[in-house]
Every structure is written in structure tokens, then in C-alpha cells.
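Here is a short briefing to read with the structure open beside you.

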Amino acid sequence: MILDRLTARLESVQEYEKEPVPAAKLKSWRSFLGMYAGEHTAGTEFVIGPLFVAHGASAGALVLGLLAGNLLAVLSWAFLCAPIAVKERITLYYKLEKICGKHLTVVYNLVNALMFCFLAGSMIAVSATAVGIPFNIPMAELTDWLPSSLSWVLIVLVVGIVTTLVATLGYEQVSRFANIASPWMILVFLAAAIAVLPELGVNSIKDFWPVAESKIWTGIPLEGQSKFTFWHVMFFAWFCNMAMHIGMADLSIFRYAKSWKAGFTSAGGMYVGHYFAWIASGILYAVFLQNSQNSLEFAPGPIAYYAAGITGAACVIVAGWTTANPTIYRAGLAVQAILPNSKTWKVTLIVGLVTTTAACFPALVMRLLDFVALYGLLLMPMGAIILIDFYLLPKLGLKSELAEKTGQKINWAAAGTWILTLAACLFLNFSFGVEIFFLGLPGWFVAVALYIGLSFLLQPSTQLKPDLS
Amino acid sequence: MKRTLLGIFALSGLILTLLPSMLVFADVISAQTNKVLMALGMLLWFTLAPFWIKRAR
């Protein structure tokens with residue numbers, strides 16, 4: 001009964017999925033600033049900042065790499081994604097349906113849902129490290145891939161089931177709670193880092209840089225970790241949200257913007273969450289390493305608890321939970337788009353269980369940098385396709401939004417572009433050893449070239465719908 | 001009036017979250033006191049902010 005009422009309420013929400021957002025519903029840039037700052041100060045930040053330390057990024061590489069990479073991310077949102085969003089004012093999924101056809105959009109949704117499950121899984125695992133503190137459970141190490149103990153699995157299962165049930169029953173409440181928690185979380189990150197600085201030997205502002213170079217971002221990776229340079233940091237900061245900006249997922253967000261300039265508000269998320277929060281969590285991890293003589297154990301919960309007590313542990317739980325919850329819900333929606341007759345809550349429940357199972361594997365947290373890079377890379381070709389379809393194809397005398405005009409279920413130029421781009425990236429990785437963090441840039445140019453080439457080859461043989469020809 | 005008071009107390013929760021850490025850095029209070037004050041700040045913020053924001057809307 002309650003579930004039916006909630007489902008009915010969710011279904012009654014008008015999201016303008018298949019029609020342009022009307023002028024009366026447009027939002028000012030302030031809405032986007034708050035949204036980006038909140039969304040990018042999340043559970044992942046407790047993992048990414050420390051992993052830069054573990055990978056031996058130097059202080060200079062980190063500060064400058066994040067500055068440059070985040071700037072490139074903001075510019076990608078502002079100049080690639082937002083202008084198309086405010087001209088079209090439709091969701092990414094509808095735009096993809098028009099260009100790629102229904103069947104290819106289903107495949108995109110499936111890949112997206114799977115990635116969302118893994119992302120939410122890593123956040124459940126992060127929360128579990130804090131929930132497990134009173135039970136003194138053994139935490140996983142940086143090199144662990146499989147669950148280290150039964151108690152760990154049990155804690156993850158409890159956190160995962162609770163998160164899934166809440167995602168199923170009360171998305172709106174969680175969303176409200178996340179908005180309230182957001183400014184507090186940002187301050188906890190900052191406060192925890194400031195409070196532990198004296199333990200590293202920073203007693204005045206002028207002490208910070210020498211200590212940063214010698215004790216925090218030393219430039220020496222931990223045992224078993226690859227070495228990160230300026231380029232790793234810059235490309236990671238640029239591409240960690242590649243699916244959202246270059247991949248165009250945020251078309252769905254910026255379609256509500258009054259002007260394309262709202263794209264610049266993503267700087268709120270980049271320079272609060274992906275700059276200060278990453279630096280702050282890196283400082284916390286450096287204190288942990290100092291106190292544990294470079295232990296390979298990796299658990300954001302106890303690290304935050306040491307620095308900020310119960311508030312730190314609560315912050316890890318809240319940050320993980322408020323990220324995992326909407327992510328499970330989004331994954332559910334993506335699956336529901338494939339199975340439109342299924343109930344939202346049933347799909348969300350199944351997705352949540354898959355997510356919880358994935359969360360039991362520490363590899364998801366320990367390899368979060370690789371996973372986030374892979375997530376962006378997998379979805380990036382679709383962004384290149386949208387960009388070229390929107391700006392270039394009409395100028396080349398080719399048809400944009402081909403699937404809508406021909407009634408095709410699959411636009412084979414788009415499908416070929418997606419598959420061949422990923423194959424090219426795989427080839428670069430295997431044959432030339434190009435690391436995953438760097439594949440997005442050449443991959444984007446490959447996708448652009450392929451979509452233009454394949455459109456020239458395949459479009460002349462396609463028939464327009466009778467009413468459009 | 002009630003909204004202003006709610007706002008002041010809720011925001012003092014955020015101040016209690018950040019300010020004590022600066023006092024630890026300046027060696028004015030201990031790390032343990034900081035943790036207690038941060039917990040107090042968390043309680044204040046999460047108890048009052050929902051009502052403050054609701055009234056503001």
C-alpha cells in the first residue's frame with residue numbers, strides 16, 4: 001500500500017523527459033552551484049584523496065595537477081555539455097534515442113546501470129569501514145581484492161540492505177537529508193585536516209609546504225602501488241567525471257539552466273570537493289600512515305574517527321550513504337528504462353542487492369581510481385557522438401538524429417563508433433601500455449573521426465521515414 | 001523571530017564544527033575537546049537545520 005502510494009507519487013513527478021523543459025521551470029545558476037558543490041563532496045572523496053598519497057603523487061604534482069585538471073573539467077561542462085543542453089532542453093536518454101535508436105540506448109542504460117551499481121557498492125564499503133569501528137573488525141589492505149573476513153561481509157551486508165531499503169522507500173527524504181548534510185560534510189573534511197596538521201609538524205602556515213612535500217605527498221608510492229605524476233593527477237581530475245561532461249550525461253541537468261554559462265557553476269563541485277576535500281582526506285591519510293608506520297590497511301572510517309572522533313565516523317557514514325543512495329536509485333531508473341513495465345521499487349531492490357554483493361569486494365574501493373576512469377571512458381564515445389551529431393553532421397550535409405528520422409532501432413554508425421573506440425582504447429592500453437587515465441583524450445578523437453567516417457559510409461544507404469523524406 | 005533564532009543556533013552548529021579545529025591548530029584547546037565540540041556542532045546542525053530550512057522555504 002505504502003509502496004504503491006510512493007510509486008504513484010514518483011510516477012506523478014513531471015521531469016519533462018520527452019519534451020523540452022518549459023521557460024517557467026528554468027533555474028538560476030545558484031541552484032546548480034549548490035547542487036555541484038554538494039554532489040562532489042561525497043564518500044568517494046574519502047578514498048580518492050588518500051589514494052593519491054598511496055600512489056606517491058608529489059605535493060607540486062597534486063596541487064598543480066588538481067588545479068589544471070579541475071579547470072579542464074569545468075571548461076568541458078561549460079563549453080561542451082551546457083550549450084547543447086540549453087539548446088535542446090531534453091534528457092540525455094531522449095537525445096540518445098533520437099540519435100542512436102531505442103535498442104542502442106537500452107545497451108547504454110544497461111552499461112550505465114552496471115557502473116552505477118559498482119560506484120554505489122564502493123560507497124557502501126566506505127560506510128561499512130565506519131560502521132565496523134565499534135566491532136573492531138579487521139579492515140582490508142590496499143592490495144586486497146577479496147573479502148578479508150566474515151565480519152566484514154556481514155557489516156557490508158547490513159549497510160547495503162539498509163541503504164537499499166531506504167533507496168526503495170524514501171528517495172525524497174534522503175535527498176533532503178543530503179542537502180542538509182552537504183555543508184556540514186565540507187566543514188568536517190576541512191576541520192579534520194586542520195586539527196591533525198600539528199601531528200605532522202605543521203604549527204604555522206609557513207610550515208605547511210615543507211611538510212606537504214616531505215610527509216604528505218612525498219612522491220614515493222606505497223608498496224605495490226604505481227607512481228602518479230602531474231599528468232596522472234591532471235587527467236584523473238579532468239576525466240573522473242568524464243561521463244558527466246564530455247560524455248554528456250549532464251545534459252539532463254543543464255536542460256533546466258537559463259543560460260549555458262551555468263556550466264561554469266561546476267567549479268563549485270570541482271574546487272570544493274575535488275580540490276579541498278581531496279587535499280584534506282590526503283592529509284588525514286598521511287597522519288594514519290605516520291602513526292601506523294606505513295601500514296597498508298585502508299579504511300576511511302577509522303582514519304576519520306581518529307581525526308574528528310564520532311563526527312568523523314558519522315561523516316564517512318553519511319558521505320557514503322548519501323552517495324550510494326541516489327546512485328542505487330539512478331541505477332534502478334536506468335534498468336527501469338529497459339523494463340518499463342516493472343515497478344520502480346522492485347527494480348531498485350534488485351539493483352541494491354547486486355550493489356551490496358559487489359560492495360563485499362574491497363577491490364572496488366582499492367581500485368576506485370581505475371574504476372572511475374573506466375566508467376568515464378566507457379560512456380565517453382556517446383558524448384562525442386552527440387557533439388558531432390549536433391554541430392558537425394548538418395554542416396557536412398549529413399542528417400543528425402538519424403534514428404528518429406529513419407525509425408531505426410540501432411544507428412549502426414553510432415554503435416560502430418562506440419565499439420571501435422573502446423577497441424582502439426584497449427589496443428592502446430595493451431599494445432603501447434597507455435594507462436587508463438590517459439585513454440580518454442585519444443579515445444575522444446578516435447570517436448569523433450569514427451562517427452564522421454561511419455556516418456558518411458552508412459547514411460546514404462538508410463531510408464528516411466515516409467513522412468520525413 | 002523564531003526562524004532567526006533557529007538559524008542562529010543551526011549555524012552555530014556549523015561554527016562548532018570548524019572553529020575548534022583552528023583552536024587545536026593554534027594550540028588553544030586539545031584534540032579531545034575539539035572532538036567533543038564537533039560532536040556538539042553535529043547534533044545542533046542536524047537537529048535544527050531541517051526546521052530552519054523548512055521555515056525559510
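## Where the two chains meet

This is a predicted model. In it, 16 residues of chain A are in contact with 17 residues of chain B.

**The side of chain A that touches chain B**

- Two elements of chain A, α8 (171-200) and α13, each give two or more residues to the side that touches chain B.
- The largest share of that side, 11 residues, comes from α8(A).
- By class, the residues of chain A on this side divide into 14 nonpolar, 2 polar and no charged.

**The largest nonpolar core**

- The largest nonpolar core holds 187 residues, and the members that touch the most others are Ala192(A), Val233(A), Ile283(A), Leu284(A), Ala304(A) and Ala307(A).
- Helix α13 of chain A, residues 300-338, gives the most to this core, with 22 residues.
- Which residues does Ala304(A) contact, leaving aside its neighbours within four places in sequence? They are Phe46(A), Ala130(A), Ala192(A), Leu284(A), Gly312(A), Ala313(A), Cys315(A) and Val316(A).

**A pair of packed helices: α3 and α12 of chain A**

- Helix α3 (residues 45-54) packs against helix α12 (residues 266-291) in chain A at an angle of about 65°, and their axes are 7 Å apart.
- The crossing of α3(A) and α12(A) is right-handed.
- On the α3(A) side, the residues that meet α12(A) are Glu45(A), Phe46(A), Ile48(A), Gly49(A), Pro50(A), Phe52(A) and Val53(A).
- Their partners in α12(A) include Gly273(A), Ala277(A), Trp278(A), Tyr285(A) and Ala286(A).
- Sorted by class, the contact of α3(A) with α12(A) has 11 nonpolar, 4 polar and 1 charged residues.

**Two loop residues with positive phi**

- Arg89(A) is not a glycine, yet has a positive phi of about 55°.
- You will find Arg89(A) in the loop between α4 (59-88) and α5 (92-100) of chain A.
- Is Arg89(A) buried or exposed? Arg89(A) is buried, because 20 other C-beta atoms lie within 10 Å and the cut-off for a buried residue is 20 or more.
- Met248(A) is not a glycine either, and has a positive phi of about 70°.
- The loop that holds Met248(A) runs between α10 (230-239) and α11 (251-254) of chain A.
- Met248(A) counts as buried because it has 26 C-beta neighbours inside 10 Å.

- Leu71(A) sits in helix α4 of chain A.
- With 16 other C-beta atoms within 10 Å, Leu71(A) is partly exposed.
- Leu71(A) and Tyr271(A) are 200 residues apart along the chain, and their C-alpha atoms are separated by 8.7 Å.

**Chain B on its own**

- Chain B has 2 helices and 0 strands.
- Why is chain B described as more spread out than a compact globule? Its radius of gyration is 13 Å, well over the 10 Å that the globule rule gives for 57 residues.
- Taken along the principal axes, the C-alpha atoms of chain B fill a box of roughly 40 × 15 × 15 Å.
- Of the 57 residues of chain B, 30% count as buried.
- Among contacts in chain B between residues at least 6 apart in sequence, 70% join residues at least 24 apart.

Note on methods
Residues numbered from 1 in each chain as written. Chains lettered and ligands numbered in written order. Predicted model: local features only at pLDDT ≥ 70, side-chain atom pairs only at ≥ 80, totals over all residues. Core = buried A, V, L, I, M, F, W, Y, C linked by C-beta atoms within 7 Å. Buried ≥ 20, exposed ≤ 12 C-beta atoms within 10 Å, placed from the backbone. Helix = DSSP H or I, 4+ residues; strand = E, 2+ residues; numbered from the N terminus. Contact = placed C-beta atoms within 7 Å. Nonpolar A, V, L, I, M, F, W, Y, C, P; charged D, E, K, R; others polar. Axes fitted to C-alpha atoms, helices over the stretch in contact; angles between N-to-C directions. Left-handed = near helix turned anticlockwise from the far one by under 90°. Rg over C-alpha atoms; globule rule 2.2 N^0.38 Å.
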